[in-house]
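Me: I'd like to go through the aromatic side chains with you. Could we start with the terms and then look at the rings?

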Amino acid sequence: MKTKVELDNSNISKHLGQSSAYASEYDPTLLVREPRQSNRTHLDISDDSLPFVGTDTWNGYEVTGLTYSGLPAVGICKFVYPCSSKYIVESKSVKLYFNSFSMTKLGTTSSEVLREIEARASKDLSELVEAEVKVFIYSNREALELDFEVASDLWNIDTSESISHNAYVTLEDTFVSVKDEFDTYTETPELLQVMDSRGDLPPNDMFNSADFQTYNYHSAVLRSRCRVTSQPDTGDVFISYVGSKTVIPLSLLKYIVSFRDECHFHEEICEAIYKRLWDVLQPESLSVKCLYARRGSWDINPERVSNEKLKHKELGDAEFLHIKLPRQ
């Protein structure tokens with residue numbers, strides 16, 4: 001990415017960067033897809049031999065349709081599909097597609113309406129990306145009850161299953177001095193500085209004396225731009241790895257900052273971070289999660305990990321209402 005990568009945006013420009021009238025009747029033709037390989041080639045990643053597993057998780061907060069009597073049914077949608085799918089779905093088309101249910105009569109009760117949207121969305125999205133897309137829609141009451149029951153417990157669990165700030169060190173709060181300068185805003189992997197894990201790092205509970213040490217880093221300054229419209233996308237990145245090498249924390253932060261003017265989709269940013277770290281560290285294990293703030297009532301949360309055991313159970317489960325970060 002340091003050298004500008006020219007990508008073909010003709011498919012995804014159907015809606016992105018265009019003035020769009022919002023359809024109010026169900027219309028699956030609104031969905032637009034993009035081949036994942038179009039952004040993987042310059043990273044030396046092949047669809048046929050991925051160096052990671054993972055999912056793309058989407059949360060939608062304003063999904064709605066009508067009962068046969070005209071009563072609006074509203075819910076919160078979560079859909080998940082694997083990073084091994086041949087295609088990704090373009091974000092604006094998702095917003096237009098789900099909005100097309102808004103004036104469509106789909107069932108006798110609100111529950112029937114949400115289940116019908118769920119079924120149609122699963123079928124349409126699965127056909128689009130050529131992989132199974134799991135879709136689940138919660139009523140607002142179900143969402144409120146689940147939030148109340150599990151939020152406190154989940155955020156206080158200090159294990160690999162929790163995306164908790166308690167388990168990660170925030171780079172910009174810990175490793176930056178007033179003398180440090182940041183002046184690179186397009187993705188530059190050369191910023192990453194690596195050393196042996198037994199090197200002289202600031203003391204921290206995450207560092208141990210084993211041959212393979214574990215490092216958990218977080219940053220809230222992740223920012224990139226849409227590939228077509230250049231609109232800013234902001235989010236939090238969570239990085240965890242185990243290995244005999246480590247990346248110097250300040251250099252990792254500078255690398256994350258270097259995405260600030262980079263024009264790529266959320267999924268592509270996550271894969272770039274994963275691949276660059278994998279190349280320089282050759283770790284025993286690696287996990288990268290990018291949890292982006294919502295835009296247009298949807299947020300996108302890609303996760304790439306080196307093996308299935310590292311996948312976050314709740315994040316990648318469509319039937320679990322994932323507890324979100326404050327910005328989401």
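Reply: Buried means under 20% relative accessible area, exposed over 50%, and partly exposed in between. Please keep in mind that this is a predicted model.

Me: Then is tryptophan 298 buried or exposed, and why?
Reply: Tryptophan 298 is buried, because its relative accessible area is 6%, and the cut-off for buried is under 20%.

Me: How many aromatic pairs are there?
Reply: The structure holds 20 aromatic pairs. One of them joins tryptophan 58 and phenylalanine 79, whose ring centres are 5.2 Å apart with the planes at 15°, so this pair is stacked. Tryptophan 58 belongs to strand S2 (residues 53-67) and phenylalanine 79 to strand S3 (residues 72-82), so the pair ties together parts that are 21 residues apart in sequence.

Me: And what about phenylalanine 79, buried or exposed?
Reply: Phenylalanine 79 counts as buried, at 0% relative accessibility. Its ring also pairs with that of tryptophan 298, with the centres 5.7 Å apart and the planes at 55°, so that pair is tilted. This second pair links distant parts of the chain, since tryptophan 298 lies in strand S13 (residues 298-305), 219 residues from phenylalanine 79.

Me: Which residues do the ring pairs link into a cluster?
Reply: The cluster consists of Tyr26, Trp58, Phe79, Tyr81, Tyr97, Phe98, Phe101 and Trp298.

Me: Changing topic, which ring does arginine 33 lie over?
Reply: Arginine 33 lies over the face of tyrosine 87, at 3.8 Å from the ring centre. The charged end of arginine 115 sits over the ring of phenylalanine 136, 5.5 Å from its centre.

Definitions and conventions:
Residues are numbered from 1 along each chain as its sequence is written. This is a predicted model: local features need pLDDT of at least 70, side-chain atom pairs count only at pLDDT 80 or more; totals for chains, interfaces and linings use all residues. Side-chain values use heavy atoms; hydrogens and water are left out. Rings of Phe, Tyr and Trp (its six-membered ring) pair if their centres lie within 6.5 Å; planes under 30 degrees apart count as stacked, over 60 as edge-to-face and the rest as tilted. Helices (H or I, at least four residues) and strands (E, at least two) are DSSP runs, numbered from the N terminus. Buried means under 20% relative accessible area, exposed over 50%, partly exposed in between (1.4 Å probe, protein chains only). A charge sits over a ring if NZ of Lys or CZ of Arg is within 6 Å of the ring centre and within 35 degrees of the ring normal.
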